Amino acid sequence: MKFISVVGARPNFMKVAPLVAELGGVAGAEHLLVHSGQHYDEQLSASFFRDLGLPEPDINLQVGSGSHAWQTAEIMKRLEPVLVESKPDVVLVVGDVNSTLAAAITAAKLRIRLAHVEAGLRSFDPSMPEEINRKVTDVLSDLLFVSEESGVENLRREGIPEEKIFLVGNVMIDSLLGHRDLAARSGILEELNLARDGSAPDPYAVLTLHRPSNVDDPHVLGGILKAVSTVARELPVLFPVHPRTRERIETFGYGHYFSDGQTARAGLVALRSLGYLEFLCLMDHARLLLTDSGGIQEETTALGVPCLTLRENTERPATIRHGTNQLVGSDPERLVAAARKALQGDCPKGRRPPLWDGQAATRIVKILLQRLRPCSGAL
Ligand code: UD1
């Protein structure tokens with residue numbers, strides 16, 4: 001049995017890691033890991049491979065950055081000969097980035113069985129590039145592995161046959177639970193002077209921002225930074241800055257919103273992009289997360305840390321129904337008011353959604369193996 005997993009961008013790496021580990025334990029299973037090269041910076045890619053214990057990719061397509069159409073097409077062009085030559089039984093894709101979409105189309109056109117992990121999530125917001133990637137990937141997939149109940153409902157509504165849909169839990173949470181102890185020893189709290197000699201850290205919040213709708217418009221980005229710097233008068237807000245956001249902050253001249261100097265002890269503090277373990281440690285001890293990321297909504301729910309999502313919608317409603325997440329959009333006044341309330345403890349306490357128990361990859365591989373047995377006739 002031959003599997004090829006295709007990954008490309010930061011949030012793919014923690015989703016594929018438990019699958020790679022699980023497939024590694026299956027006798028007779030061969031697995032190739034293909035990296036599209038969508039993310040190529042050390043801090044967005046190689047450091048994640050190290051932190052997650054992922055092997056070096058077997059093949060790197062080195063596609064780099066470009067427009068959505070260019071990047072998707074270029075990955076397809078470079079992946080096609082790899083799939084033709086290696087003839088996998090199944091192509092595995094995770095999440096909703098451009099690399100996911102490109103690999104899905106390439107596999108489907110070659111009539112190779114396609115499995116999508118994190119299928120069925122929908123924001124119902126067509127202005128999100130990821131929403132297009134998810135819908136196309138799902139319609140092409142033979143096996144759809146779903147992380148939360150809403151995903152099953154969405155796929156049923158879209159007419160995906162029942163026998164292709166499997167509610168298995170969340171592979172990202174597999175990685176989180178598997179690395180939480182290691183993350184606690186990452187040393188980032190001491191490096192930032194937030195904790196000394198293993199003592200409990202001083203209170204702080206964490207901000208992440210990278211979504212085009214929040215960072216590409218100077219008015220929206222300026223409003224968010226102004227609001228967060230107001231929150232940062234009450235406790236330091238640590239902001240690991242994505243390269244795209246860093247570029248926008250420089251272009252729009254928004255450096256004045258940030259604290260001077262190297263200390264993380266006051267104000268809005270810009271940090272380099274952090275590795276997986278460092279960021280997990282920072283989240284785990286934070287009083288509050290402010291974010292426009294999809295994955296962080298799930299990770300904070302699993303950790304029980306309050307999360308304010310700077311978007312008007314979420315494709316991950318389980319984080320609101322069960323977890324600690326609240327949608328606050330990007331309106332500055334609403335953001336400051338919600339942050340103040342959350343810091344006073346007026347926020348959902350939350351619990352882990354069903355099946356977010358660290359066993360999702362085990363369930364997925366079991367189903368894949370059942371389906372691939374020559375006599376099963378399925379798929
Ligand atoms: C991508 C995903 C998004 C995911 C995010 C996590 C899509 C459509 N978007 O967004 O879903 O949440 O990754 O980070 O796939 N760049 C670098 N170094 C890199 C890679 C990119 O500096 O290693 C810069 C380039 O200027 C590039 C820009 O970031 O043009 C955007 O990169 P891209 O991969 O296109 O999208 P992200 O915004 O990272």
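In β5, histidine 116 is the bridge partner of valine 93.

User: Which strands does that bridge belong to, and how many bridges join them?

Analyst: First, note that this is a predicted model. Strands of a sheet pair through backbone hydrogen bonds, either parallel or antiparallel. Here strand β4 (residues 90–94) and strand β5 (residues 113–119) run parallel and are joined by 5 bridges.

User: In what order do the strands of the open sheet of 7 strands lie?

Analyst: The order is β3-β2-β1-β4-β5-β6-β7, and the pairing is parallel. At the edges are β3 (59–60) and β7 (165–167), each of which pairs on one side only. Helix α4 (residues 98–109) packs on this sheet and touches β1 (2–7), β4 and β5. The direction of α4 makes about 160 degrees with that of β4.

User: What is the strand order in the open sheet of 6 strands?

Analyst: That sheet has the order β10-β9-β8-β11-β12-β13, with parallel pairing. Its edge strands, each pairing on one side only, are β10 (268–271) and β13 (325–327). On average, neighbouring strands of this sheet are turned by 20 degrees against each other, direction ignored.

User: Which helix packs on this sheet, touching β8, β9 and β10?

Analyst: Helix α10 (residues 218–231) does, and its direction makes about 140 degrees with that of β9. As for the strands, β8 (residues 205–208) and β9 (residues 237–240) pair in the parallel sense over 2 bridges. Valine 206 stands opposite leucine 238 in β9.

User: How do I read a crossing of two helices? At what angle do the axes of α1 and α7 cross?

Analyst: Look at the distance between the axes, then at the angle. The axes of helix α1 (residues 10–24) and helix α7 (residues 171–184) come within 7 Å and cross at roughly 80 degrees. Angles of 65 to 115 degrees count as roughly perpendicular, so α1 is roughly perpendicular to α7.

User: Which residues make the contact?

Analyst: From α1 they are Met14, Lys15, Ala17, Pro18 and Leu19; from α7, Val171, Met172, Asp174 and Ser175. By class, the contact of α1 with α7 has 6 nonpolar, 1 polar and 2 charged residues.

User: Which residues come nearest to the ligand?

Analyst: Of the 17 residues around the ligand, the nearest are Gln38, His39, Tyr40, Asn98 and Glu130.

Methods
Residues are numbered from 1 along each chain as its sequence is written. This is a predicted model: local features need pLDDT of at least 70, side-chain atom pairs count only at pLDDT 80 or more; totals for chains, interfaces and linings use all residues. Side-chain values use heavy atoms; hydrogens and water are left out. Axes are lines fitted to C-alpha atoms, for helices over the stretch in contact, and angles run from 0 to 180 degrees between N-to-C directions. Helices (H or I, at least four residues) and strands (E, at least two) are DSSP runs, numbered from the N terminus. Angles under 35 degrees count as roughly parallel, over 145 as roughly antiparallel, 65 to 115 as roughly perpendicular and the rest as oblique. Contact means heavy atoms within 4.5 Å. Ala, Val, Leu, Ile, Met, Phe, Trp, Tyr, Cys and Pro count as nonpolar, Asp, Glu, Lys and Arg as charged, and the others, Gly among them, as polar. Two strands pair if DSSP finds at least two bridges between them. A residue is near a molecule or strand if one of its heavy atoms lies within 4 Å of it.
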